[in-house]
Amino acid sequence: MTLLQFAQAYLFGWVFWMTLTLGCVGLTLLYHAVRGSWALPILRILEAGNKLLPVMFLAQIPILILLFTPTGHELYHWLPPVTDPVLQQKTFYLNPPFYVARQVIYFAIWWSLMSVLNRSAARQDVSQDPREAQLRANVAAPGIVAFVLTITFAYTDWVMSLDPHWFSTIFSSWFLVGAGLMTLAFATMIVTWRAWRMQQQPWVDILRNNPGFMRDMGNLMLAFTMLWAYFSLSQFLIIWSGNLPEETSYYLRRTEGVWLLLGAALIGLQFLVPFLCLLSGRTKRTPGYLFGVALLIFVMRVVDIFWTVVPFFEEPSYPLCIAGFLAFGALWLTLFAQNQRNATVLPTHDPRLQEALESGATSHA
Amino acid sequence: MAVSNHHGSSPAGDGLSELLPGEHSYRSLGERIGSIVLNQNKHRWPWYVVFFIAFALLQVMMLSITWLLWRGVGIWGINIPVAWGFDIINFVWWIGIGHAGTLISAILLLLRQQWRNSINRFAEAMTLFAVACAGLFPLLHTGRPWLAYWMLPYPNVLAMWPQFRSPLLWDVFAVSTYATVSALFWFVGLIPDLGSLRDRARSPILKGIFGVLAMGWRGSAQHWARYETAYLTLAGLSTPLVLSVHTIVSFDFAVSIVPGWHTTIFPPYFVAGAVYAGFAMVLTLAIPVRKWYGLEDLITMKHMDWMAKIMLATGLVVFYGYICEAFYAFYSGNKFEIYMMTNRMFGPYAWSYWALIFCNGVVPQFLWFPQVRYNLFWLFVISQVVSVGMWLERFVIIVVSLHRDYLPANWGMYYPTIWDWGLYLGTIGQFTFLMFGFIRVLPMINIFEMKDLWHRIIHRGHGRVAHAGDGRHGGAMAPGTVQPLGSPAADVEG
């Protein structure tokens, strides 16, 4: 085991759980901006996730330090000394000090947005002041713009620049769609598991009284599954038809040997199976089924990000990458659970909570 | 609101009465909308002025086409290297405009968005007429439109078979499917209203025409049940079309290796651009028409607000596309990509790039402010700017990318001729001509859906009916299965 292999595994684990964190950030923003009632029951889950931003930033520091060591160059080839003439052209953007500065800016933007929104939601629990919701909408709508822009540069920095010759304009938005998908699956798993296996309140009541909630989560997962497939296919088809060496390297590496199998599994299990299951109304009515589909989606998100990130590495240790994923996962989930324990289960005084809990109940009266 | 005070057994705030304010009855709604068709005295001077101008422009189109067929595409400004000019720009522009209609009629229906009800008929007609304008351009660009059927894969003795790997061929299928499904969707949605007009018309000739078109519609419970199934099926079929058509249009460019065309963000960014341009056109038409025909309580400011918000959101996606294009061109380190971007920004066509950024990047940001969204004048102005911006976007992508590619020896300039402009303005004439003709002969707002909306406003919170409405929210769907024989349906006679 070399330091490089360790760094690769660390980076993979970090990118995966960071993507889930950002999914929580993105859905929190989306929810507050559109003020729909669909995400009210999972708002505290999203908040517990987005509150891990500072931890994830601390966890990135070892990677940032690595940039200034000789091993860094083996991970990110754009790090000095740069001899390749194409990469020399990119130093205006890809250079260590600017890279570090950008990370600070991203996290500062994300964290300030989240603290304003989380605090306002918590304040409203106490004060019941309906103006808080308007305040959050006013912050979250432009917040989405800032979020999407920063995400674009962030994934370019973290993942795309692992192969500094390669570029694809849809890549970051593709990651964003995947983040949304995996966060929805994650939240759906938590809610359905608690209601269906653990018979915990208030989840049992929510699922029983408001069938719209599971339908909405199912339909959102369906929409994101389709978007994921649409973005993936677009990127593939355009690169395949162009057939330019600087771009096709991405797919060539990912269709060698076992990678090809993983890629094929993604088409079937990240798209086809969940797509067909989620089309059916029955899946969206039965907590056990919905849990199963969400679990499948989440597992395939792991495979997909593995398939995307790891082939960028030179001679990685696969077991170590999996260990990196698990170690980060243990840390993330522990802190996530702690955040959950420290907050109320539902945003109690949001005026739309009643709507979210009982819309189904009144319509069936 | 008066209504919710009278009947409000459920708390106000479901937003329904905001979409149909004031006092109405089933009869008055039928009268109001139907009379625009049946009472020709309703049409005042604005209709005649617009129709006359449109008709004049339509003649310009006819003239441009005639001369084109006589002399060939050499009368256009296209050349080598810019072999695609106004023809493709205008094709993409028109096809994009149509997308708002499909989004409103199909996706917003499936998403149970009530506010689509009063604008869907109108927007669907717009889709059809925009596709009719779009289709002309590639057809005429072939130079020999009478041989257009060669693009279809049919067994022939010419030993010819279309190139299935080319997105240009996919376009043939995508656009013709789109036109067919849109026409069906529009017509099926019209049937109950045609029945209503048949019953309301006095003149035997009109009765006959509407009677044939209504296809024997009687408004029975069975008819409504069949109708619902057909309409939902068509909505399901149309939904992927919103994405597929413009995705394939974006592939026309993206699968090539021309710098400025070959970029992976194109599909979603083209689709967003299409919806963006489409809503600009819906607003362009709806703002004057609702004023001329006094429809302010059917197409409310709430509708305008929603459309403006969608325009803002899709406009932001489009602007994000521009940012990605610019950033990754420089990030790529590829000298052709970098040159393409520098040429866009500072080359001979730099004016078009900066005008584009102004129209699609800067101006729509005013829509963040509710004061602007609720001001019809500014909303109208912004819609015009957006339409121009989306046209410029295609100009920048097509002409500016083509005129300087890999080989400096191949570089050239593109100047449209009077015939390019003649055909372009002519299609605007054709579109307006068809739109205003439509307003005069068919109900531009869905009569029965408005009755249904009214039904749900006055019966809110009454257990059984609320359940029926709630279960199927989709405005279009309501009359039928659960309710007793047609509240709005039996009311067709009015």
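Residues are numbered from 1 along each chain as its sequence is written, and chains are lettered from A in the order in which they are written. In this predicted model local features need pLDDT of at least 70 and side-chain atom pairs count only at pLDDT 80 or more, while totals for chains, interfaces and linings use all residues; side-chain values use heavy atoms, with hydrogens and water left out.

**Stop 1: the interface**

Show both chains and select the residues in contact (heavy atoms within 4.5 Å). Chain A contributes 40 residues and chain B 31 residues. About 3100 Å² is buried between the two chains, with carbon and sulfur atoms giving 68% of it; buried area here is the accessible area (1.4 Å probe) that two parts lose on being put together, summed over both.

Next select B:Thr264, B:Tyr328 and B:Tyr331. These supply 26% of the area that chain B buries against chain A, more than any other three residues.

Now look for polar links. There are 13 residue pairs in polar contact between chain B and chain A, both residues at pLDDT 80 or more. A polar contact is a pair of N or O atoms within 3.5 Å; within protein, one must be able to donate a hydrogen and the other to accept it, and residues adjacent in sequence count only if both atoms are side-chain atoms. The count of salt bridges between the chains is 0, a salt bridge being a side-chain nitrogen of Lys or Arg within 4 Å of a carboxyl oxygen of Asp or Glu.

On the side that touches chain A, α9 (221-254), α10 (266-292), α11 (301-332) and α18 (463-471) of chain B each supply at least two residues. The largest share, 9 residues, comes from α11(B).

**Stop 2: the core around A:Trp158**

Select A:Trp110 and A:Trp158. Of the 277 residues in the largest nonpolar core, these two touch the most other members. Such a core is a set of buried Ala, Val, Leu, Ile, Met, Phe, Trp, Tyr and Cys residues joined through side-chain atoms within 4.5 Å. Buried means under 20% relative accessible area, exposed over 50%, and partly exposed in between (1.4 Å probe, protein chains only).

Not counting residues up to four places away in sequence, its contacts include A:Trp14, A:Met18, A:Tyr76, A:Phe107 and A:Trp110.

**Stop 3: A:Leu222**

Move to α10 (residues 211-242) of chain A, where A:Leu222 lies. A:Leu222 counts as buried, at 9% relative accessibility. Leaving aside neighbours within four places in sequence, A:Leu222 is in contact with A:Phe275, A:Leu278 and A:Leu279. A:Phe275 is 53 residues from A:Leu222 in sequence, yet the C-alpha atoms are 6.1 Å apart.

**Stop 4: backbone exceptions**

Most residues other than glycine have a negative phi, and most peptide bonds are trans.

Select A:Pro80 and A:Pro81, which are joined by a cis peptide bond with omega of about 5 degrees. A:Pro81 lies in the loop between α4 (70-75) and α5 (85-89) of chain A. In chain B, a cis peptide bond joins B:Ile80 and B:Pro81, with omega of about 20 degrees.

Finish with A:Gln128, in the loop between α6 (96-127) and α7 (131-158) of chain A. Its phi is positive, about 55 degrees, although A:Gln128 is not a glycine. A:Gln128 is partly exposed, with a relative accessible area of 48%.

Technical notes:
Helix = DSSP H or I, 4+ residues; strand = E, 2+ residues; numbered from the N terminus.
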